[in-house]
Amino acid sequence: MATDCLFCKISQGEIPAEFLYEDERLVVFKDINPAAPVHLLLVPKMHIRSINDLEPDHASIISHLFMTAKDMAKQQGINESGYRLFFNVEKGGGQEIFHLHLHLIGGWEK
Ligand code: AMP
């Protein structure tokens, strides 16, 4: 865990948040400033700064993020209407929280 990392603190339960899903490797919660009717963040518990910092050992957590995103889209009822998945990478890519997270947005029309 990185000190002074908001998403480390949330994912480790040090800062309260309502998890829509949690397992031993990741948590899912609503974005505080949603960009769409459905806007979830999928956050690994392991501190990885950004996509730039991925190592071969991280392959399984990345695939787990995408498999969970697929399940969360279905749980939110937006799998058939469609949705977007994205990572912002570093400041120029719009990243504000330097702890890897996958955005899931959708729900414009169900
Ligand atoms: P990014 O710009 O890719 O780093 O995304 C960070 C996201 O985290 C933004 O969409 C913020 O609205 C969201 N965010 C920041 N603080 C919180 C928080 N305490 N709880 C939930 N979402 C947050």
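Colleague: How far is a polar side-chain atom of histidine 103 from an oxygen atom of the ligand?

Modeller: The distance is 2.8 Å. Taken alone, the ligand exposes 510 Å², and the protein buries 83% of that (areas by the Shrake-Rupley method with a 1.4 Å probe; for residues, only the protein chains shown count as cover).

Colleague: What sort of model is this?

Modeller: It is a predicted model, where local features need pLDDT of at least 70, side-chain atom pairs count only at pLDDT 80 or more, and totals for chains, interfaces and linings use all residues. Residues are numbered from 1 along each chain as its sequence is written, and side-chain values use heavy atoms, leaving out hydrogens and water.

Colleague: Back to the ligand. Which residues come nearest?

Modeller: Of the 16 residues around the ligand, the nearest are Asp31, Gly94, Glu96, His101 and His103. A residue is near if one of its heavy atoms lies within 4 Å. For histidine 101, a polar side-chain atom is 2.8 Å from a ligand oxygen. Glutamate 96 uses a backbone N or O atom instead, at 2.7 Å from an oxygen of the ligand.

Colleague: What kinds of residue make up the shell?

Modeller: Seven are nonpolar, six polar and three charged. Asp, Glu, Lys and Arg count as charged, Ala, Val, Leu, Ile, Met, Phe, Trp, Tyr, Cys and Pro as nonpolar, and the others, Gly among them, as polar.

Colleague: Which element gives the largest share?

Modeller: Helix 1, with three residues. Helix 1 (6-11) and strand 2 (26-30) each supply at least two. Helices (H or I, at least four residues) and strands (E, at least two) are DSSP runs, numbered from the N terminus.

Colleague: Is histidine 103 buried or exposed?

Modeller: Histidine 103 is in strand 5, and its relative accessible area is 7%, so it is buried. Buried means under 20%, exposed over 50%, and partly exposed in between (1.4 Å probe, protein chains only).

Colleague: Which side chain does histidine 103 contact?

Modeller: That of histidine 39, through a polar contact of 2.8 Å. A polar contact is a pair of N or O atoms within 3.5 Å; within protein, one must be able to donate a hydrogen and the other to accept it, and residues adjacent in sequence count only if both atoms are side-chain atoms.

Colleague: New topic. Where is glutamate 90?

Modeller: In the loop between strand 4 (83-86) and strand 5 (102-106). Glutamate 90 counts as buried because its relative accessibility is 18%. Its side chain makes a polar contact with that of serine 50, at 3.2 Å.
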